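This report describes the domains, helix packing and backbone features of one model. The structure is shown first, and the description follows.

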Amino acid sequence: MKGKSLVSISDFSKEEILEIVKLAADFEANPSQSLLKGKVVSSLFFEPSTRTRLSFETAINRLSGSVVGFTDSSSSSTTKGETLKDTIKMVSNYSDLIVMRHPLEGSARYAAEQSDVPVINAGDGANQHPTQTLLDIYSIYKTQGTLEDLNIFLVGDLKYGRTVHSLLMAMSMFNPIFNFIAPEELKIPDEYKLFLDSKGIRYFEHSEFTDIISEADILYMTRVQRERFSDPIEYEKVKNVYVLRNSMLDNTKDNLRILHPLPRVNEIHTDVDDNPKAYYFTQAQNGVYTRMAIMAAILGLK
Amino acid sequence: MSKRKLKVSAIKNGTVIDHIPANYLFKVISILGLDKIPNQITFGNNLESHKLIHKAIIKVSDKFFEDKEINKIALIAPAAKLNIIRDYEVVEKKVVNVLEEVIGIVKCFNPMCITNNEQITTKFTVVSKKEIALKCHYCEKITSEEHLTII
């Protein structure tokens with residue numbers, strides 16, 4: 001992985017994903033390792049994303065690295081009309097690694113091509129967010145002890161949710177069963193079903209969020225966003241249908257864990273938060289270890 | 001009775017590109033860079049055709065295309081036929097094939113793609129040739145035949 005950019009989850013092989021999981025566990029066991037001492041990481045956030053940025057910057061600080069950069073494009077030279085290419089060319093002369101968040105899709109691939117140092121994509125529009133996927137995978141591994149043969153339920157916006165699509169692609173390497181629960185308007189796109197068919201992976205589609213979750217090992221919840229609906233009445237109809245409540249967890253498996261990329265709105269009722277099966281806050285914490293692992297691997301320090 | 005007459009006069013040596021859809025004549029010229037070469041070029045547009053309602057034809061003197069070069073037009077002129085001419089005789093006939101990769105010809109359909117917002121040469125992999133479907137190298141979105149725009 002040394003010197004390699006991470007733009008899309010498909011840039012990493014199964015072996016590389018497993019290596020990141022293993023490294024993340026190492027960092028969790030021993031979080032203060034000065035591997036990035038003397039290194040400079042550029043953190044370029046062309047749009048604000050507090051959660052992702054703080055997670056990366058915490059990971060860099062824990063590894064004793066230095067951070068330079070900006071937190072939204074209004075404080076960068078983009079406002080003076082500088083192209084992404086020029087910004088990347090300049091920044092890659094200053095730093096050992098670039099972490100970039102950008103609203104335009106494909107910007108991370110382009111940045112990686114222009115940069116002399118590796119680029120980690122921290123989200124390029126609706127396209128990819130591979131570090132989120134890797135932290136999801138680490139969370140699944142940590143809670144289940146394996147990535148193989150799991151029954152994964154994905155709930156909510158399966159049409160536009162990039163975390164869902166990337167997770168589906170990555171977990172497909174580990175012989176899962178998928179269950180998709182979504183309203184008609186937000187069903188999983190055909191291209192992903194074709195992909196699963198081609199790999200011989202079993203999946204089931206449901207429109208009702210009911211006691212079928214008793215089969216689940218992982219329940220991955222996502223936000224159903226109002227702006228995704230052309231008809232506001234349709235949104236009103238479904239907004240309270242895909243809500244997880246504590247009472248729904250009574251007959252679920254002991255090993256079930258509930259994941260959510262956060263931020264949540266109302267799709268997980270707060271009465272779930274105290275249930276030991278609720279895992280979303282720990283999941284966010286896992287993000288720091290996963291990002292430490294990714295940076296250390298890409299810089300060839302581990 | 002008047003004699004049947006060629007609407008575009010014959011060439012001694014070179015390549016005839018026939019069966020180009022009439023609306024794409026100038027795109028083909030541009031994709032092949034024919035507007036930038038010193039060779040003699042004659043062309044006809046909106047000619048009657050058996051295969052197309054209106055076709056265009058281009059005759060380029062002293063030019064013989066590499067397959068890689070000519071296949072660039074397959075996206076917009078899949079029915080194009082090439083006649084290679086030597087000393088006024090057709091010595092070879094060729095058809096065009098869609099490439100595996102399309103570079104700098106097609107616009108990405110996704111308005112949020114970086115290639116539509118900054119000066120970048122577009123790049124696609126061809127994921128389907130029958131019904132043209134191109135996957136953007138940058139934003140990873142599919143541009144299908146109905147949304148295909150030639151730059």
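This is a predicted model: local features need pLDDT of at least 70, side-chain atom pairs count only at pLDDT 80 or more; totals for chains, interfaces and linings use all residues.

**Backbone features**

Asp62(B) has a phi near 60°, a positive value in a residue other than glycine. Its place is the loop that runs between β3 (54-61) and α2 (67-70) of chain B. Glu140(B) is not a glycine either, and its phi is positive at about 70°. The loop holding Glu140(B) is the one between β9 (133-136) and β10 (142-144) of chain B. With 19 other C-beta atoms within 10 Å, Glu140(B) is partly exposed; the cut-off for a buried residue is 20 or more.

In chain A the feature to note is a peptide bond. The bond from Leu262(A) to Pro263(A) is cis, with omega near 0°. Pro263(A) belongs to the loop between β9 (257-259) and α9 (280-298) of chain A.

**Domains of chain A**

| Helix pair | Crossing angle | Axis distance |
|---|---|---|
| α1(A) and α5(A) | roughly 65° | within 10 Å |
| α3(A) and α4(A) | about 45° | 9 Å |

Helix α5 of chain A covers residues 130-144. The pair α1(A) and α5(A) is roughly perpendicular, since angles of 65 to 115 degrees are counted that way. The crossing of α1(A) and α5(A) is right-handed. From α1(A), the residues Ile17(A), Ile20(A), Val21(A) and Ala24(A) meet Leu134(A), Ile137(A), Tyr138(A) and Tyr141(A) of α5(A). The contact of α1(A) with α5(A) has eight nonpolar residues, with no polar and no charged ones.

Helix α3 of chain A spans residues 84-94, and helix α4 of chain A spans residues 107-114. Given their angle, α3(A) and α4(A) are oblique to each other. Their crossing, too, is described as right-handed. On α3(A) the contact uses Leu84(A), Lys85(A), Ile88(A) and Lys89(A), and on α4(A) it uses Ser107(A), Tyr110(A), Ala111(A) and Gln114(A). These residues comprise four nonpolar, two polar and two charged.

Why is α4(A) described as largely enclosed by the rest of the structure? The reason is that six of the eight residues of α4(A) are buried. They are Ser107(A), Ala108(A), Arg109(A), Tyr110(A), Ala111(A) and Ala112(A). Elements of chain A that cover these buried residues include α3, β3 (97-102) and β4 (119-124). Among the buried residues of α4(A), Ser107(A), Tyr110(A) and Ala111(A) also take part in the contact with α3(A).

**Domains of chain B**

For chain B, the assignment gives domain 1 as 14-95 and domain 2 as 101-150. The C-alpha centres of domain 1 of chain B and domain 2 of chain B are 24 Å apart. Five residues from domain 1 of chain B and six residues from domain 2 of chain B make the contact. On the side of domain 1 of chain B that touches domain 2 of chain B there are three nonpolar, no polar and two charged residues.

**Contact between the chains**

Chain B gives 13 residues to the contact between the chains, and chain A gives twelve residues. The side of chain B that touches chain A consists of seven nonpolar, four polar and two charged residues.

Technical notes. Residues are numbered from 1 along each chain as its sequence is written. Chains are lettered from A and ligands numbered from 1 in the order in which they are written. Domain bounds come from an automatic or database domain assignment. Two residues are in contact if their C-beta atoms, placed from the backbone, lie within 7 Å. Ala, Val, Leu, Ile, Met, Phe, Trp, Tyr, Cys and Pro count as nonpolar, Asp, Glu, Lys and Arg as charged, and the others, Gly among them, as polar. Axes are lines fitted to C-alpha atoms, for helices over the stretch in contact, and angles run from 0 to 180 degrees between N-to-C directions. Helices (H or I, at least four residues) and strands (E, at least two) are DSSP runs, numbered from the N terminus. Angles under 35 degrees count as roughly parallel, over 145 as roughly antiparallel, 65 to 115 as roughly perpendicular and the rest as oblique. A crossing is left-handed if the near helix is turned anticlockwise from the far one by less than a right angle, and right-handed if clockwise. A residue is buried if 20 or more other C-beta atoms lie within 10 Å of its own, exposed if 12 or fewer, and partly exposed in between; C-beta atoms are placed from the backbone.
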